[in-house]
Amino acid sequence: MGRSDFSADAPANPPAAIKRLGQNFLIDPNIVRKIVALADITSNDDVLEIGPGRGVLTDALCKTAGRVTAVEIDPRLHDYLAERQAEWPNLTLVLEDALVYPVESLPVGTIVVANLPYYISTPLLFRLLDQRDRFPRLVLMLQNEVADRLVAKPGSSDYGVLSVMAQYAAEITKAFRVSAQCFRPRPEVGSAVVLLRTRSQRELSPEEEPKFAALVKAAFAHRRKTLVNSLKDEGYDQSRIIGALERLTLSPSVRAETLSLEQLIQLTRGIRSPA
Ligand code: SAM
């Protein structure tokens, strides 16, 4: 597929990009091909695409997957794509904000593939990970900086709440970076594609998971402070924190950013949340 025939079937005069909706459209067929290959889609699969835009990725997904649901917030783009509906009999186009679209209505086993609108990439990611029992994998284009935080390991300055919560839900690989030249208009930030393989086993019970989320947030709330002081400032009982750290053979002067996912899970079990 050469660049010239990349959008041969697209109607002329697509709607102009709206910056506040994160509309940076992919124009490089190689990147589209790499994203679809990474998603490892078969003709039996259901796919969810968020923000189909002008349809470059949608077209490749419809040619590969069994069924594609594409959720777009911009009515102009929705109508533009609807003009091509006959070409894509396996596409369900939805005009809706992906932050409210009921992803829980999608079939279990749905693969998520998206060049996400960056202004809401983190809340969207967590919404999808909340429903991870439904999504075996997600292939997402994100800001490079967010991709780095997603894969960050303890001790790195990128390691924080996003890393811990996402790595609790999925095994994450940063697959490749994407140059700004591959988009129109060009984004002002770097981009990267990540693969998230969701974990089928939940290590914490449904009662423990909110406690874990609260603890992780509190632990990283004051990055310059020790873990004990950060948690204390967020209302946790100091003696309980110190006791839990001792049982984990961790120093009372440890900082949150040095703790592994497993240690944060153990700590959740070792201390009680603030009242
Ligand atoms: N998939 C297309 C591509 O790769 O060229 C477009 C990607 S563009 C980065 C993000 C798309 O998400 C735009 O089409 C934008 O209108 C859409 N979008 C922005 N906010 C959205 C939301 N809350 N819900 C659904 N789609 C949204």
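**Exercise 1.** Which residues in H5 meet which residues in H6?

*Solution.* The model is predicted, so local features need pLDDT of at least 70 and side-chain atom pairs count only at pLDDT 80 or more, while totals for chains, interfaces and linings use all residues. Residues are numbered from 1 along each chain as its sequence is written, and side-chain values use heavy atoms, with hydrogens and water left out.

Step 1. List the contacts (heavy atoms within 4.5 Å). Val-146, Arg-149, Leu-150 and Val-151 of H5 meet Leu-162, Ser-163, Ala-166 and Gln-167 of H6.

Step 2. Sort these residues by class (Ala, Val, Leu, Ile, Met, Phe, Trp, Tyr, Cys and Pro are nonpolar; Asp, Glu, Lys and Arg are charged; the others, Gly among them, are polar). The contact of H5 with H6 comprises 5 nonpolar, 2 polar and 1 charged.

**Exercise 2.** Describe the aromatic pair of Tyr-159 and Phe-220.

*Solution.* Step 1. Count the pairs (ring centres of Phe, Tyr or the six-membered ring of Trp within 6.5 Å; planes under 30 degrees apart are stacked, over 60 edge-to-face, the rest tilted). The structure holds 2.

Step 1. Tyr-159 and Phe-220 lie 5.9 Å apart, centre to centre, with 80° between the planes, and are edge-to-face.

Key
Helix = DSSP H or I, 4+ residues; strand = E, 2+ residues; numbered from the N terminus.
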